Amino acid sequence: MYFTRCALNPARRGARALLASPHKLHGAVQAAFPPHAASATGQGRVLWRLDQTEHQVQLYLVSPDRPDLTHLIEQAGWPTTTGWDTREYQPVLTRLAAGQMWGFRLKANPVHSGRKTPDAQRSQRFHHVTVAQQTDWLLTRTDKFGFTIPLGENKEPDVAVRGREVVRFERKSATVSLSTVVFEGRLEVVDPDRLRESLTNGIGPAKGYGCGLLTLAPLRRG
Amino acid sequence: MSCLLLRLAAPLQSWGTSSRFTRRNTDRAPSRSGVLGLLAAATGRRRTDPLEELLELRIGVRIEQPGQLERDFQTARSLDGQTSMPLSYRFYLADAVFAVAVYGPDPLLETLTQALRAPAFPLFLGRRSCPPAGVLLHGVHDGDVAQVLADAPWLASKWVQKQHRAPTVTLDTVADCPATEARAELVRDEPISFDPRHRQYAWRSVLKTPVTIPNPMHRSPMPTAAQAGGGHDPMAFFEEPF
């Protein structure tokens, strides 16, 4: 598995087209891998996330194969000065152990499925709407993902809900709408195997559209 | 012997010790004569009454919140509007807070506490236009002036404590010291008589010492969700030694 960071240059027209549509960015990310090659490891899948702050746009990528982002840098990066940064993921993943504390960030698409009316023919997915519903969505699943969220200072789970937005974009001739949310906080590793699974296979739906990539970072005091 | 702790706070205070003629200054801390005058007013002493009992009290001040110096340019005319009075400047401390420790025999402190609860004359902080605000009495504590001022909690306003983003705060204290002390300053605010016909003040030497006390509004920085997220750097995961 490989973990990659790539900075995008939002001043470029190519970058703006990609930032406007998760569908297009998904295509660009998929183009980082040759179409015919079978995955070397046979595990994990391609996951990506866009972290947009006021002054920078970072694309994070988790993939079974080493990506080649030349086309992305040429269209939407700084081709003459800045490349991308790819690291081997497996060696650090093996060092995850129960009891460790990490800061985490996860962009997810919290949904629940059900029937629109009691006599509806099919079941469909609905967005979770409120912060409480969305937080609850994460908290009820953490066991499955191999971690728990410890209680913070105010005796509440130490997770914050940051960017909540409903993204709409064109896919073929249809409009896709996704409700995405960024969870940030602290997690405690309970089951390292399950956590490795969540880190390489993603969490929740809409993984092709930039959701579900969980990243860990060391906790810093102060 | 113990200490009565007072909190002097008001929108405006003014503690002059060296004012003459048209320029009426203020010190940055309450003067001994000002505090004794306040206590004398509370107990119902008139200006001509003797002060002996109060002069035994020892007084120390801690500057909780320095406040801001304000200048008031004052004009006045005689009642018929014909003669203009001398133009004068009056200086005030705006939004200042002081902790004052009054050290003396327990029975006297008890009388003073009662008097401050139901003062005979209105109380004011240095000038008659400056009535005190907030809770004045903060109890009687064992120990001498220095000890009480070093132990008392920070009495500054909540917003000042919140704005001070550190676990401790260093405050200046002003207290009497022997005249032989090298760093002593001389102030002429030892009242001998408040009698308006012959006011008399003697010199006393004071020493400014800083004390460091905890800030009650300080919250220790925990790695909270917001902070962990603000600096979330997934690449640091690869450098971490585990």
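The model is predicted, so local features need pLDDT of at least 70, side-chain atom pairs count only at pLDDT 80 or more, and totals for chains, interfaces and linings use all residues. Residues are numbered from 1 along each chain as its sequence is written, chains are lettered from A and ligands numbered from 1 in the order in which they are written, and side-chain values use heavy atoms, without hydrogens and water.

Next I checked the pairing. β9 (residues 159-171) and β10 (residues 174-189) of chain A run antiparallel over eleven bridges. Strands are DSSP runs of E, at least two residues, numbered from the N terminus. Two of them pair if DSSP finds at least two bridges between them. A:Arg171 stands opposite A:Ala174 in β10(A).

**Positive phi, chain B**

Most residues other than glycine have a negative phi. I noted B:Phe21, not a glycine, with a positive phi of about 55°. B:Phe21 sits in the loop between β1 (2-13) and β2 (23-24) of chain B. Is B:Phe21 buried or exposed? B:Phe21 is exposed, at 75% relative accessible area (buried is under 20%, exposed over 50%, partly exposed in between, with a 1.4 Å probe and protein chains only).

B:Asp95 also went into my notes: its phi is positive, about 60°, and it is not a glycine. B:Asp95 belongs to strand β5 of chain B. B:Asp95 is partly exposed, because its relative accessibility is 38%.

Key:
Helices (H or I, at least four residues) and strands (E, at least two) are DSSP runs, numbered from the N terminus.
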